[in-house]
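The paragraphs below go through the pairing of some of them.

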Amino acid sequence: MTRRQTYPLKAVLLAALAVAAVSCEDEDNEILQGNWYNTYQYFPGTPRGGAVCFQLEYEGEKRAFIGTGANTNKTEDMERYRDFYMCSMGENGLPVWTARYAKLLNKNESAAGSINGKNEEGKKASEAVCSMPNTFSYADGDTVTKVYDCPARNGAVAFSLKIGGKPYGFVGLGYDGTNYLKDFWRYDPETNSWSRVADYPGDAVRYASAFVIGNRAYVGGGEDFDNNILGDFYAYDAESDKWVDGGAGQAMATCGVPRAQAAAFVCNGKGYLYGGINGNAIDILERYDPATNSWEQMRRLSDASRDTYDDLYIGLAAYGTTAFVLNDGTDDCRAYVTTGGSVGSGKLTWEYNPKYDYWVPKTSFEGDPRKFAVSFVLDGTDGQEVGFVTTGSTSELTVSGSGGSFYADCFMWQPQAPYEHRD
């Protein structure tokens with residue numbers, strides 16, 4: 001693993017960090033850039049943490065599917081979920097949650113199935129767009145029928161890949177309240193149905209990480225049943241339904257620091273692992289290059305150098321965060337990580353510049369502090385990508401009746417907008 005060279009710090013970054021105090025207090029937010037906007041378009045399902053999101057594209061428009069997760073304040077038989085809901089961008093620049101799948105391909109009727117629907121369909125807004133099955137069976141040959149359970153879960157991973165040019169969603173791993181899981185499931189949006197695909201080749205885990213480069217998914221890390229924190233990664237090819245090697249045996253190159261609850265994102269064709277936990281919050285960012293099947297350690301997520309660029313890296317190392325990328329089609333794409341924290345739940349938001357490998361503190365998340373939220377990106381009405389964060393919890397999502405808060409609000413991120421207090 002190679003230690004990344006320290007770049008000279010840009011003057012603009014020095015100016016920003018000289019005045020920025022990394023805090024979730026409103027007076028500190030006023031000197032930071034960016035604005036969180038409460039859309040008041042609530043996730044239609046039960047408030048929850050530890051959900052997942054995959055995104056599919058239809059007619060050139062991005063659509064996000066959010067589901068699974070847990071609410072451990074609910075009774076034991078209702079605390080984990082299989083339901084999924086779809087979110088797309090409305091004409092008014094706000095997200096629209098579609099609760100009935102029949103509305104997916106009819107844009108003129110999309111509002112009728114949203115949480116804001118005003119006609120008779122509005123009363124069905126609590127119905128899921130799609131739900132993972134309780135069980136799945138298929139005929140193996142002429143005589144044998146195999147039946148698989150599909151447990152409700154939290155702490156899973158999700159991604160989307162294409163088969164024959166057609167997009168599918170994939171969900172797997174996680175925790176059902178008793179067992180750690182290694183099954184994977186494929187969602188077909190045309191038939192609104194799920195089918196089981198090849199199991200994950202590593203140990204059954206929760207809080208693993210996943211990212212997609214090209215048309216291949218990379219999955220790894222997480223926590224197993226014995227509380228071991230893992231670092232092995234595997235690559236999944238949807239066309240063959242096989243977990244393939246990264247060039248050196250079955251497993252890809254293992255990441256340098258085993259971790260769970262890490263955020264993952266992709267910039268410029270390379271995958272990044274941010275933070276996570278292994279005893280404590282991990283202050284190491286790693287980058288995966290699929291061309292060489294290797295991981296590279298980037299700059300530390302703490303004040304670890306003699307240079308000034310990291311003097312205000314306070315609270316940057318975190319776990320239970322969520323990450324998304326806003327890409328303008330150049331190598332100047334930006335990644336954003338928010339919520340989570342180094343201890344418990346938080347609100348800090350940071351922007352990552354992959355070209356120069358540095359972080360800038362941004363306006364803190366304006367909702368309640370939380371972890372285990374999900375994020376997604378939609379195309380805005382002005383053609384620019386827009387980031388959203390929804391759901392999340394303050395609970396560890398392990399024991400029934402363990403308390404904590406669970407959320408269904410949905411916030412929009414405006415990175416270049418001036419901060420406005422609780423707009």
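Strands are DSSP runs of E with at least two residues, numbered from the N terminus, and two strands pair if DSSP finds at least two bridges between them. The model is predicted, so local features need pLDDT of at least 70, side-chain atom pairs count only at pLDDT 80 or more, and totals for chains, interfaces and linings use all residues. Residues are numbered from 1 along each chain as its sequence is written, and side-chain values use heavy atoms, without hydrogens and water.

Start with strand β4, residues 83-89. Strand β3 (residues 61-67) runs antiparallel to β4 and is joined to it by four bridges; Ile66 has Tyr85 as its bridge partner. Strand β5 (residues 95-98) pairs with β4 over four antiparallel bridges, where Met86 stands opposite Thr98. β4 and β5 make a hairpin with five residues between them, and Gly93 in the turn has a positive phi of about 80 degrees.

Is β4 buried or exposed? Seven of its seven residues are buried (under 20% relative accessible area, with a 1.4 Å probe and protein chains only), so the strand is largely enclosed by the rest of the structure. Asp83, Tyr85, Cys87 and Met89 cover one side, and Phe84, Met86 and Ser88 the other.

Further along is an open sheet of four strands in the order β17-β18-β21-β22, with antiparallel pairing. Its edge strands, β17 (263-267) and β22 (294-300), each pair on one side only. Within it, β18 (residues 270-274) and β21 (residues 284-289) share three bridges, and Gly271 is partnered by Tyr288.

Conventions: Buried means under 20% relative accessible area, exposed over 50%, partly exposed in between (1.4 Å probe, protein chains only).
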